[in-house]
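Please read the numbered points alongside the view below.

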Amino acid sequence: MPFNERSSHITQGIARSPNRAMYYALGYDRADFDKPMIGVANGHSTITPCNAGLQPLADAAVDAIKAADANPQVFGTPTISDGMSMGTEGMKYSLVSREVIADCVELSVQGQWMDGVLVLGGCDKNMPGGMIGILRANVPAIYVYGGTIRPGRWKGEDLSIVSAFEAVGAFMAGTMSEEDFNGIERNACPTTGSCGGMYTANTMSSSFEALGMSLMYSSTMASPDREKVDNATESGRVLVEAVKKGIRPLDIVTRDSIENAVALIMALGGSTNAVLHYLAIALAAGIDWTLDDFERVRRKVPVLCDLKPSGKYMAVDLHSAGGVPQVLKILLNAGLLHGNCLTITGRTLAEELHDVPDAPRTDQDVIMPMERALYREGHLAILRGNLAEDGAVAKITGLKSPAITGPARVFDDEQSALEAILADRIRPGDVMVLRYLGPRGGPGMPEMLAPTSALIGRGLGESVGLVTDGRFSGGTWGMVVGHVAPEAYEGGAIALVEEGDIISIDARELLLQLHVDEAELERRRAAWTQPPPRYKRGVLAKFAMLARPANEGALTG
């Protein structure tokens, strides 16, 4: 219902109550109490380059909201840098930050009875956290992404943060000089903005264009560029219009629009984390969406974009080649999108894409036409078997062979696994098992970029399998399977694996199988006891108590 036809923040009692005095302290006058109150959830911080460029965008949004005759109300949301915390105990707080960000948005919007909210974020968990909070509050809302980092350069090669992680493995293996190692480390991250490949931040921000909750072209802009400020300005204006029209998130985020978002993720070759986050987003929206839906979409949507980590190009290259709208138009013309879905502008997705060319430009090879797809089917495969009865997620692009069978090398933490790789105790044909790293066991389901990058750096990316109940960075590629459910802490079969057991990973057959007979597994299960919780108080203890399993998005609310 339009703003002027419903009970607003003001008519709920502020216009004629002592509460009004506190607004006068903020510089309001009497006329302001007839205007919409618009929240600006500002994720700016100097913790990470992902979020260090957000303040100018927040300022631009505030000015646009004022110019549209509404009242901006700025509040903060936290962030944890995935790249900086990777490989440390701090990584356990990354997924937890998604829940905290969602709580911050819901708390501020509902507690202050805001009429709309613009959420601004950069690092990986900012996007799903903000979207979950938006859906809980269900007031008109728009997501503004802080933008991608520009690529670094060293000796003529484009760099990203993953280049630095992979350089560690290569340097420790003796295949990279100290000069190159230092050059990559110093030059991998040259500007503000989120990690530059089609990693988790760019995957989730891109998907919000397809979802209808962000403006077209907004997700692939570079953080330092003027167009990113202009995008924040336009987003503020569009949001105020949405408030006046009464367009709410649950009018936009539907089962069909989530399918659009997942189709885009497949076409981009996006992060495995998108599976976890869209399970959580669907739950927050009250929509029935499961792992089987990801597999259904994967089978019909090809990979159209040659993007890192398994491809050549960065998000800024995608932007130059036509951006997300060009990919969406190809999918729409192929009958792979629901074009009638509403967007935050009040137009349908098909209407938003009307002026986008039907085919990608021929002077670029970032975006392929449908007939020249890089892979016939999507890349995020859902594997099942006796080692993952409730499912697991594998990224299968860029692999010469998507199957491996070999002896298990078992580790109950990330650090000992990394030490084994760097000490050359892992051999081609091995299948590493990293466990007790799930939502409850980690707790916090940390990402395994350090071990997977070390494998790549040592030339083992395609010859060694890695299975975990934890997660992977969006920058991970290789013979890796994550999100194994049930997790080890809950007594899943991954807890019963012993050194030397034979394990098969087969993405063609969608199989993750432990080759141990059922009688032996039952014997091991009877002898297994749940370990004590690693944290007994604080935010990690709360997450461990409340988190759903990975196949339900690890959501706490």
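1. Leaving aside neighbours within four places in sequence, threonine 343 is in contact with Gly212, Ile247, Ile252, Thr348, Leu349 and Glu352, where contact means heavy atoms within 4.5 Å. Threonine 343 lies in the loop between α15 (323-333) and α16 (349-352). Helices are DSSP runs (H or I, at least four residues), numbered from the N terminus.

2. This is a predicted model, in which local features need pLDDT of at least 70 and side-chain atom pairs count only at pLDDT 80 or more, while totals for chains, interfaces and linings use all residues. Residues are numbered from 1 along each chain as its sequence is written, and side-chain values use heavy atoms, with hydrogens and water left out.

3. Threonine 343 has a relative accessible area of 4%, and is therefore buried (under 20% relative accessible area, with a 1.4 Å probe and protein chains only). Its C-alpha atom is separated by 9.9 Å from that of alanine 242, 101 residues apart along the chain.

4. The side chains of threonine 343 and threonine 345 are joined by a polar contact of 2.9 Å. A polar contact is a pair of N or O atoms within 3.5 Å; within protein, one must be able to donate a hydrogen and the other to accept it, and residues adjacent in sequence count only if both atoms are side-chain atoms. The threonine 343 side chain also reaches the backbone oxygen of arginine 347 at 2.8 Å.

5. Turning to helix α11 (residues 255-268), 12 of its 14 residues are buried, so α11 is largely enclosed by the rest of the structure. Among the buried residues are Glu259, Asn260 and Met266. Just after α11, glycine 269 takes a positive phi of about 75 degrees.

Key. Helices (H or I, at least four residues) and strands (E, at least two) are DSSP runs, numbered from the N terminus. Buried means under 20% relative accessible area, exposed over 50%, partly exposed in between (1.4 Å probe, protein chains only).
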